[in-house]
Amino acid sequence: MREPILIIVHQRLSYPGRVGHMLMKRGYPLDIRCPNIGQALPDDLSPYAAVIMLGGPMCALDCHIPAIRHELDWMPRMLEAGKPFLGICLGAQMLARVLGGRVWPHPEGRVEIGYAPIRPTQAGREFFEGPMKMFQWHRDGFDLPRCVELLATNEHFPSQAFRYGRKAFGVQFHPEVTPEIMERWSLGGGHMLHMPGAQSREDQLIDYPICDPIMERWTTRFFDHLLDGPAAAEAAAA
């Protein structure tokens with residue numbers, strides 16, 4: 001049996017969606033923990049194959065929330081352990097903050113909700129075939145820490161994907177999203193759909209059949225790289 005993957009969520013009812021399904025199909029057991037409801041994060045990461053930190057409605061600056069403070073204090077030890085890591089949305093913002101980046105709300109009050117275009121940098125062509133639309137749901141962005149490599153960008157939130165070292169990654173977009181997750185977010189966060197930069201629910205549904213297969217293919221190739229190494233990812237792409 002493969003080593004388990006630690007998945008950190010930020011709400012009781014959060015689940016890893018497509019990401020979880022893909023990992024289980026690859027044979028990885030999932031250890032899902034939510035510090036926000038009092039579940040502890042492990043001090044010893046040696047039993048784990050990788051760590052994935054999902055998004056949430058909090059901000060990486062919310063140190064008054066005990067769970068966020070706990071995660072920020074824990075992340076340097078996690079990085080020292082050298083396990084493959086993926087931070088998604090809030091997870092990426094927290095990784096950027098731990099590495100010295102500034103997290104900020106958009107100065108014009110914009111959000112990024114729905115399918116938004118991103119484009120790879122030269123370094124990012126290892127991970128992105130070209131410009132594509134990825135599903136987003138966030139209001140905060142972040143400045144790129146000096147110690148990381150930018151992999152993808154766009155106009156309003158320039159830090160879309162980055163790599164720290166060889167094994168730690170952060171992405172602003174949501175590769176885990178499924179139709180059920182989209183529906184739940186649209187209901188629970190419907191007030192955000194009227195904010196500048198938000199794509200309407202109707203347009204999200206129009207884009208879904210076009211963009212979702214591209215997101216699924218990207219997620220598959222990314223996990224080939226993260227979990228099996230660059231050689232396996234190149235073989236899968238070929």
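In the predicted model, helices α4 (179-188) and α5 (residues 201-228) are roughly antiparallel to each other, a term that applies because their angle is over 145 degrees. Their axes come within 12 Å and cross at roughly 170°, where axes are lines fitted to C-alpha atoms, for helices over the stretch in contact, and angles run from 0 to 180 degrees between N-to-C directions. Helices here are DSSP runs (H or I, at least four residues), as are strands (E, at least two), and both are numbered from the N terminus. P179, M182, E183 and S186 of α4 touch R201, Q204 and Y208 of α5, contact meaning heavy atoms within 4.5 Å. By class, these residues comprise three nonpolar, two polar and two charged; Ala, Val, Leu, Ile, Met, Phe, Trp, Tyr, Cys and Pro count as nonpolar, Asp, Glu, Lys and Arg as charged, and the others, Gly among them, as polar.

The model is predicted, so that local features need pLDDT of at least 70 and side-chain atom pairs count only at pLDDT 80 or more, whereas totals for chains, interfaces and linings use all residues. Residues are numbered from 1 along each chain as its sequence is written, and side-chain values use heavy atoms, with hydrogens and water left out.

Helix α5 also packs against helix α1 (residues 17-25), the two axes coming within 11 Å and crossing at roughly 50°. That angle makes α1 oblique to α5, oblique being the class left after roughly parallel (under 35 degrees), roughly antiparallel (over 145) and roughly perpendicular (65 to 115). On the α1 side the contact involves R18, V19, M22 and L23, and on the α5 side D212, M215, E216, T219, T220, F223 and L227. Six nonpolar, two polar and three charged residues make up this contact.

Helix α2 (residues 66-81) packs with α3 at an angle of about 70°, and their axes are 10 Å apart. The two helices are therefore roughly perpendicular to each other, and their crossing is right-handed. I68, E71, L72, M75, P76 and L79 of α2 face L90, G91, M94, L95, R97 and V98 of α3 across the contact. Nine of these residues are nonpolar, one is polar and two are charged.

Grid points are joined across faces, edges and corners, and a volume is the space filled by probe spheres set on the points. The largest pocket holds about 660 Å³. Its lining counts 29 residues, of which Q11, G56, P57, W137 and W185 are the closest to the centre. Elements giving two or more residues to this lining are α3 (90-98), β7 (132-138) and α4, and α4 gives the most, with four. The lining has 13 nonpolar, eleven polar and five charged residues.

One cavity of 30 Å³ or more is counted, and the volume of the largest cavity is about 50 Å³. The largest cavity is lined by F127, E129, M132, I214, R217, W218 and R221. Helix α5 supplies the largest share of this lining, four residues. By class, the cavity lining has four nonpolar, no polar and three charged residues.

Technical notes
1 Å grid on protein atoms, 1.4 Å probe; cavity = no way out; pocket = protein on both sides within 12 Å on 5 of 7 lines; lining within 4 Å. Left-handed = near helix turned anticlockwise from the far one by under 90°.
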